[in-house]
Amino acid sequence: MPTMRAVQVSRPKGPFEIVEREIPQTGAGCVRIKVQACGICHSDSLTKDGSYPGLQYPRVPGHEVIGVVDSLGPGVSGWSPGQRVGVGWHGGQCGYCDACRRGDFFACQTATRITGVTSDGGYAEYMVAYASALARVPEELSDVEGAPLMCAGITTFNALRNSGARPGDVAAILGLGGLGHLGVQYAVKMGLKTVAVARGQDKEPLARKLGAWRYIDSQAGDPAEELAKLGGAKVILATVTNGDAMRAVLGGLAVNGTLMVIGAVGSLEVSPLFLLQGRRSVKGWYSGTSIDSEDALAFSVLTGVRSMNEVFPLERVNEAYERMLSGKVRFRVVLTTGR
Ligand SMILES: [Zn+2]
Ligand SMILES: [Zn+2]
């Protein structure tokens, strides 16, 4: 049997193991992908640490995948070998459960499919994905450019475009890391008056370079007050993983404004009175489905939005992952297979 290199985790909090594995077979409704690049996302720690319920080992992480269709399983139509595709967090949908029948594919109830969590992901030379999880990748995007857009990109893009904010509205992006540096770019290109909110003055030049209209140093004063002075934010995109940081800006929401939460935090304290008096809302946003990914990729090509990446070959996965965890990375980490 032909084999491939893959990076697997064999037990909760176990190390990454670089192994030779059989190239996986392509099952019904699935395609096999020759992986070219895969981003490392903070959510890969769910697989690494075993914190996702019911996780089975060994497991290959990775849900920011760009590759080429290698073979089609039975019953797959609309895709062909040689086609460039991307796979994100959403691993596909059944199409027949109640959620799918209502068009809420992201909430598919029958088989929650998460790339690199419930099935093997992109830290490998080949992977198998459901055809319903595939996004077309525009030729203008390189493999490395495309990879981080399959999670960090689609998540920020999709949350913003579903926030209710319209061109000319004030949009605050809380946090200027892997998600935030994309969120600022998308908001600017969507015609929003984009306010970057982060800790310290040293991030202001970056925010400005990415096109931010204003920068608020959340340590220098009250960020909610500063946002209110700008008329209040129609949307605050919370990319941080800190409930206190979210609470500190919440008061800067405009009437009818929405706090879009995409960073997973333990808990978040909100004043009901503040919400109801201004008809404000707090909402979570799921990254999106394959067509949302395709939209995010196409919009990125159209407007020039790109992630800033540090690139490592698959063999250096440990170093790459540590770099992601360190928080020092500017701004996403991408593995390449050399295929
Ligand atoms: Zn992710
Ligand atoms: Zn379903």
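Modeller: N256 is found in strand β12, which covers residues 253–261. Strands (E, at least two residues) and helices (H or I, at least four) are DSSP runs, numbered from the N terminus. The model is a predicted one, in which local features need pLDDT of at least 70 and side-chain atom pairs count only at pLDDT 80 or more, while totals for chains, interfaces and linings use all residues. Residues are numbered from 1 along each chain as its sequence is written, chains are lettered from A and ligands numbered from 1 in the order in which they are written, and side-chain values use heavy atoms, with hydrogens and water left out.

N256 is not a glycine, yet its phi is positive, about 65°. With a relative accessibility of 34%, N256 counts as partly exposed; buried means under 20% relative accessible area, exposed over 50%, and partly exposed in between (1.4 Å probe, protein chains only). R279 also has a positive phi without being a glycine, here about 50°. R279 sits in the loop between α9 (272–277) and β13 (281–284), and its relative accessibility of 64% makes it exposed.

Helix α4 runs over residues 152–161. Which of its residues are buried? They are A152, G153, I154, T155, T156, F157, N158, A159 and L160. With nine of its 10 residues buried, α4 is largely enclosed by the rest of the structure.

Two packed helices are described by the angle between their axes and the distance between the axes. For α4 and α10 (residues 290–303) the angle is about 95° and the axes are 9 Å apart. Axes here are lines fitted to C-alpha atoms, for helices over the stretch in contact, and angles run from 0 to 180 degrees between N-to-C directions. The two helices are therefore roughly perpendicular to each other, the word used for 65 to 115 degrees, with under 35 roughly parallel, over 145 roughly antiparallel and the rest oblique. On the α4 side, I154, F157, N158 and R161 make the contact (heavy atoms within 4.5 Å), and they meet D292, S293, D295, A296 and F299 of α10. By class, this contact has four nonpolar, two polar and three charged residues. Ala, Val, Leu, Ile, Met, Phe, Trp, Tyr, Cys and Pro count as nonpolar, Asp, Glu, Lys and Arg as charged, and the others, Gly among them, as polar.

At 0% relative accessibility, H181 is buried. Leaving out residues up to four places away in sequence, H181 touches L176, L210, R306, S307, M308, F331 and R332. L206 is 25 residues from H181 along the chain, and their C-alpha atoms are 8.5 Å apart.

F331, one of the residues that H181 touches, lies in the loop between α11 (317–326) and β15. The peptide bond joining R330 and F331 is cis, with omega about -10°. The bond from Y57 to P58 is cis as well, and there omega is near -5°. P58 is in the loop between α1 (44–49) and β4 (65–72).

Next comes strand β9 (residues 193–198), where V197 is found. V197 is buried, at 2% relative accessible area. Its contacts, not counting residues up to four places away in sequence, are A172, I173, L174, G175, I216, S218, P223 and V249. V333 is 136 residues from V197 in sequence and 23 Å away, C-alpha to C-alpha.

The whole protein has 11 helices and 15 strands. Of its 339 residues, 54% count as buried. Among contacts between residues at least 6 apart in sequence, 65% join residues at least 24 apart. The C-alpha trace spans about 65 × 45 × 40 Å along its principal axes.
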